[in-house]
Structures are given as structure tokens and as C-alpha cells.
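This report walks through one protein chain, part by part. Please look over the sequence and the structure before reading on.

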Amino acid sequence: MDKHYPLNLARLLPLVAVCAVLSDARVFGDEKTAPVDDFAEASIRPADVTFEPARQTRVFKKTPQGELSLHIFYPQDWNASDRRTAIVFFFGGGWVGGSPSQFFPQCTWFASRGAVAISAEYRVKNRHGTSPFECVADGKSAIRHVRSNAQALGIDPKRIVAAGGSAGGHVAACTATILDQDEADEDLAVSSRPNALVLFNPVCDTSPEGFGNRTLDERWLALSPAHHITKDTPPTIIFHGTADTTVPFDNVKGFTERMHVAGRTCTLVPFAGKKHGFFNHGRDKDNESYNETVLRADQFLVSLGFLQR
């Protein structure tokens, strides 16, 4: 059954423009990204927002291992007749564990910015005895469900963003690049490909030179986003620490280079000296990395016309 929580509008802080025109950009590949200092004077920090969105838990898939739900955060004055941007987050955990609550802070921010923000469940090894293939199938099911139910959710089916961190970043990237791994009983006429990607230290390459190859073994190519980039791969932004020893920086650097070769938009934002999971709320002092990654993601979605400035 769907669960609803009341919206306390009185606690919504006035939001100001967080995506000012940027200058003196540093360059990675052929994509420009704003220098860190440009974000230091932001008038509002995502970690400080006290907006309490209306929330709903909605079952989107029934599997042999149990039901899977979407945790939905609605913006102020939401109506089913709206056509808002949707952003769907997938949690990290090495395809083994993790929780949708990881991205509840990001969902709160993007709901405060007018999007329908969602943190999705998917099957993992520790709880469901499954493999990365089920993770990806569930991710694709989540995107397809959101698009299929765009009218009820008040979203624009052409403005769906997939986002995630680590293994969840892999799930998100796969929804944009892997053309199979769909559930046979779903309406395949409805695309499971998102319209943009926001990735936090994601797994993008599962080859022997990448991450997760030992887990996937000889089936690695089937779930390696870097090896399935096409002219239709959506615009992407990636946040990654240069000191990441779990998913090395070269994993995403190679993905970015392949995107550029294919003529696709891909902005890689390196965080010098940062390790795996640096972007999480509460991870570092004053939530510096959390604030910056959220504001940069916000700026990216503004540039696509998915959010208002």
C-alpha cells in the first residue's frame, strides 16, 4: 500500500539561484567544469535545506524474492497534472548491500528545486541472493515504471534522470547503455533509457582492466557501460575522487573518453585526493563534497533545461 507523509511548507527555505554563470573554467577532455571556488559563495547549501517534501512509497515491481518500491519525494505544490523532471537514484553497495536512504538527502534537495525525486530499491546479494544482472534488470524496471506512470507521477517522460553511486552508479549507467537485460513480462515499447545521467564514483567499466570483473567473470561485457556507448547515450556528468582505490579514477576517465569519441556529452568532475564515497551526506567536514556535488548536478540539469535557474 502506498504511504503518504504530510508536507510542512512553512519549513521550506527560500531558494536562490545556485547556478550562476561560471567563468575561468578548468577543462577535462573537451568539457568545461567550474572551479571549486565558484561554489564557495553559494547563498544556500544543500545540506542546510530544511524542506520537508511530501513522500510516498510505491511498489514498482514484484520479484520471486519480494516486492521492490520507489521512495518518492514530491516538490511543493505538486499536482498529478504537472510535467516535472524526475530524478531516480540508485544506492551503492557493491551489488551486495546498501539502502535507498543513502540518497534521501539528495532527493530532498531536488524536490525543493521542483523535481520529483526518487530513491529506488533493487535486489542485492545479501538480502536477495542475486547477482549484478538482477540489479540492472531492476534498475531498468524502475526507469520504465516511472516513464509508464508519468501521468500519475506528474512528470515529463522525456525528462527522466538516472543517478547513483558506486554499484548504484553502475545500475544507472546500465539503464542508459545496456539495451537488453529487460524483464520479458514488461512493456518493452516503453523505453527504460533515461534522458540524462548523474553519476557518483560509478562503476563504468567491468572489463579485466575495470571493476567487478571477478564477479561477472566471462559475462563482464554484457554489463560494461563503457563498451556499450552509442550515439543515443544521454548527457552525463560524473563526480569521482582521484584517490579512489575501490573504483579507480581511470575507470571513469576511460568512459568519458569513449563518450567524447562517440560525440556524446560527458563531463567528468575530478575531486583531488578524495576517496570512494566522498560525496555522501555527512562524509566530510561541513558536508563540503556533498554540497558541491549536489550543486554541480543541479547546474548540469539547469544546462539541459531540466531545472529552472
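Two strands are said to pair if DSSP finds at least two bridges between them. By that rule strand 6 and strand 7 pair: five bridges join them, and the two run parallel.

## The chain as a whole

The model is predicted. The protein chain holds eight helices and 11 strands. Of its 309 residues, 56% are buried. Among contacts between residues at least 6 apart in sequence, 75% join residues at least 24 apart.

Strand 7 (116-120) has five of its five residues buried, so the rest of the structure largely encloses it. In a regular strand, side chains alternate between the two faces of the sheet. Both faces are covered in strand 7: Val-116, Ile-118 and Ala-120 are buried on one side, and Ala-117 and Ser-119 on the other.

Strand 7 is joined to strand 6 and also to strand 5. With strand 6 the direction is parallel, and Phe-90 has Ala-120 of strand 7 as its bridge partner. With strand 5 the direction is antiparallel, and there are four bridges. Ile-72 stands opposite Ile-118 of strand 7.

## Strand 4 and strand 5

Strand 5 (66-74) also pairs with strand 4 (54-63). Nine bridges join these two strands, which run antiparallel, and Ala-54 stands opposite Tyr-74 of strand 5. Strand 4 and strand 5 form a hairpin, with two residues between them. Strand 4 is largely enclosed by the rest of the structure, because seven of its 10 residues are buried.

## Helix 1

Strand 6, helix 1 and strand 7 together make a β-α-β unit, which is right-handed. Helix 1 covers residues 104-112 and is mostly covered itself, with eight of its nine residues buried. The buried residues of helix 1 are Phe-104, Gln-106, Cys-107, Thr-108, Trp-109, Phe-110, Ala-111 and Ser-112.

What lies over these buried residues? The cover includes strand 4, strand 5, strand 6, strand 7 and helix 8 (288-303). After helix 1 comes Gly-114, which has a positive phi, near 105°.

## Helix 3 against helix 5

Helix 3 (residues 132-148) packs with helix 5 (residues 167-177) at an angle of about 60°, and their axes are 9 Å apart. The crossing of these two helices is right-handed. On the helix 3 side the contact is made by Cys-135, Val-136, Gly-139, Lys-140 and Ile-143, and on the helix 5 side by His-170, Val-171, Cys-174 and Thr-175. Sorted by class, the residues of this contact are five nonpolar, three polar and one charged.

An α-helix has 3.6 residues a turn, so residues three or four places apart point the same way.

## A buried loop residue

Asn-201 sits in the loop between strand 9 (196-200) and helix 6 (213-216). Is Asn-201 buried or exposed? Asn-201 has a relative accessible area of 0%, and buried means under 20%, so Asn-201 is buried.

Which residues are in contact with Asn-201, leaving aside its neighbours within four places in sequence? They are Gly-165, Ser-166, Phe-239, His-240, Asp-244, Val-247, His-276, Gly-277, Phe-278 and Phe-279. One of them, Val-247, is 46 residues from Asn-201 along the chain, while the C-alpha atoms of the two are separated by 6.9 Å.

Notes: Residues numbered from 1 in each chain as written. Predicted model: local features only at pLDDT ≥ 70, side-chain atom pairs only at ≥ 80, totals over all residues. Heavy atoms only, no water. Buried < 20%, exposed > 50% of the residue type's maximum accessible area, 1.4 Å probe, protein only. Contact = heavy atoms within 4.5 Å. Right-handed = clockwise from strand over helix to strand, strands pointing away. Axes fitted to C-alpha atoms, helices over the stretch in contact; angles between N-to-C directions. Left-handed = near helix turned anticlockwise from the far one by under 90°. Nonpolar A, V, L, I, M, F, W, Y, C, P; charged D, E, K, R; others polar.
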